[in-house]
Amino acid sequence: MPGIRVKPWNRVDNPVYSLSTTANGRGNLNICSYVTSISMKPKRFIIGVYKDTKTLANLEANPIGLLNYLAQDQANHVKLLGKKSGHSVDKVAQLGEQIEHAGDGLYRLKGAIAVLRLRFMERMDCGDHWAWLAHLDSYENLREAPALTIEELKRLKLILA
């Protein structure tokens, strides 16, 4: 359409998550926005994981994760979890009291809307990301709150689109 300058894939709003991973006794959390449900039975997701990240290294060594579904009031986590590398920053230490251990070396962000425990199965090279197929082992709804979305991150000027 004339006058519309936004790229088509940026026109639809998406939820924002944080993926907790662990390997060799070191946990990490990141920001994930490339997440989609792909199957109802069994429940499975496709999750995009950026290449050359601590999250990717953790998944390659230990293919489990805890997907934290973020609330709007958790947008402050984006600067640490999405803009800093787990290779150089201990995000678990920096988060301190804002997280709690959820077993298996994984961390839950306090205030998340829900958490999904995932087992990562296969991956496909998709350019700057790997698309991982993840099986849902369990989930827990934690609270009612407005979801953090890409549009909210744009509004807060935490990301550009």
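Biologist: Which residue in β5 is the bridge partner of Tyr 17?

Modeller: Bear in mind that this is a predicted model. Strand β1, residues 17-23, and strand β5, residues 64-69, pair in the antiparallel sense over four bridges. Within β5, the bridge partner of Tyr 17 is Tyr 69.

Biologist: Which strands stand at the edges of the sheet, each with a single partner strand?

Modeller: The sheet is open and has seven strands, in the order β2-β1-β5-β8-β9-β4-β3, with antiparallel pairing. Each edge strand has a single partner, so one side of it is left without a neighbour in the sheet, and the strands in this position are β2 (26-32) and β3 (35-39).

Biologist: Which residue in β4 does Val 35 stand opposite?

Modeller: A hairpin through four residues joins β3 to β4, and these strands pair in the antiparallel sense over four bridges. In that setting, the residue of β4 that stands opposite Val 35 is Ile 47.

Biologist: At about what angle does helix α1 run to β1?

Modeller: Helix α1, residues 54-61, lies across β1, β2, β4 (44-50), β5, β8 (114-125) and β9 (129-141). Its direction relative to β1 is given by an angle of about 50 degrees.

Conventions. Residues are numbered from 1 along each chain as its sequence is written. This is a predicted model: local features need pLDDT of at least 70, side-chain atom pairs count only at pLDDT 80 or more; totals for chains, interfaces and linings use all residues. Side-chain values use heavy atoms; hydrogens and water are left out. Two strands pair if DSSP finds at least two bridges between them. Helices (H or I, at least four residues) and strands (E, at least two) are DSSP runs, numbered from the N terminus. Contact means heavy atoms within 4.5 Å. Axes are lines fitted to C-alpha atoms, for helices over the stretch in contact, and angles run from 0 to 180 degrees between N-to-C directions.
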